[in-house]
Structures are given as C-alpha cells and as structure tokens.
Amino acid sequence: MVSCPVCKINMSDDGTLVLPMTEKIKIETNKLVHKGKTYFFDSTDCAREFAANPDKYAEK
Ligand SMILES: [Zn+2]
C-alpha cells in the first residue's frame, strides 16, 4: 500500500485508488522520483505540489 504524500489518500502498489465503501477504481497514477525514492500521486496537482515543496512532503 502506498499513499499520496500530499493528500494522504491510499492507493495500492499498482496505482489503484483505494476508496472506503466503494469498489476499487483504477486511476492513472502519477509517479515522481525524489532522491532515489519513487513517490506516487493520485493527481497531477499533487505531483506538482510535491515537486514545488519536496522537502515538506518527502519521507525523512
Ligand atoms: Zn494526492
């Protein structure tokens, strides 16, 4: 299980968005590599936000 580091929504490792009380919805996951670690985002907006402030959202 991975989660979007910006909005914290949960996704499975294959990029399926996990929503409570609903069936899994396949989405196109945005990926970004920062300092050798791959991060997954549920939206381009979150990826952009992360790219703008990587130190704020990256795992320490
Ligand atoms: Zn997000």
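## Packing of helix 1

In this predicted model, the buried residues of helix 1 pack against strand 5, strand 6 and helix 2 (54-57). Helix 1 spans residues 44-52, and its buried residues are Cys46, Ala47 and Phe50. Looking down the axis of helix 1, these buried residues fall within an arc of 100°, so they line one face of the helix. In general, an α-helix has 3.6 residues a turn, so residues three or four places apart point the same way.

The face of helix 1 turned away from the buried side carries exposed residues: Thr44, Asp45 and Ala52.

## The chain as a whole

The chain contains six strands and two helices. Read along the sequence, their order is β-β-β-β-β-β-α-α.

Of the 60 residues of the chain, 15% count as buried. Cys46, Ala47 and Phe50 in helix 1 are among the buried residues. As for contacts between residues at least 6 apart in sequence, 32% of them join residues at least 24 apart.

Strand 5 and strand 6 form a hairpin, with two residues between the strands. Lys35 lies in this turn and has a positive phi of about 50°.

## Two lysines with positive phi

Most residues other than glycine have a negative phi. Lys35, in the loop between strand 5 and strand 6, has a positive value, near 50°.

Lys8 is found in the loop between strand 1 (2-3) and strand 2 (10-11). Lys8 counts as exposed because it has 10 C-beta neighbours inside 10 Å.

Technical notes. Residues numbered from 1 in each chain as written. Predicted model: local features only at pLDDT ≥ 70, side-chain atom pairs only at ≥ 80, totals over all residues. Pairing = 2+ DSSP bridges. Helix = DSSP H or I, 4+ residues; strand = E, 2+ residues; numbered from the N terminus. Buried ≥ 20, exposed ≤ 12 C-beta atoms within 10 Å, placed from the backbone. Contact = placed C-beta atoms within 7 Å. Arc of directions from axis to C-beta.
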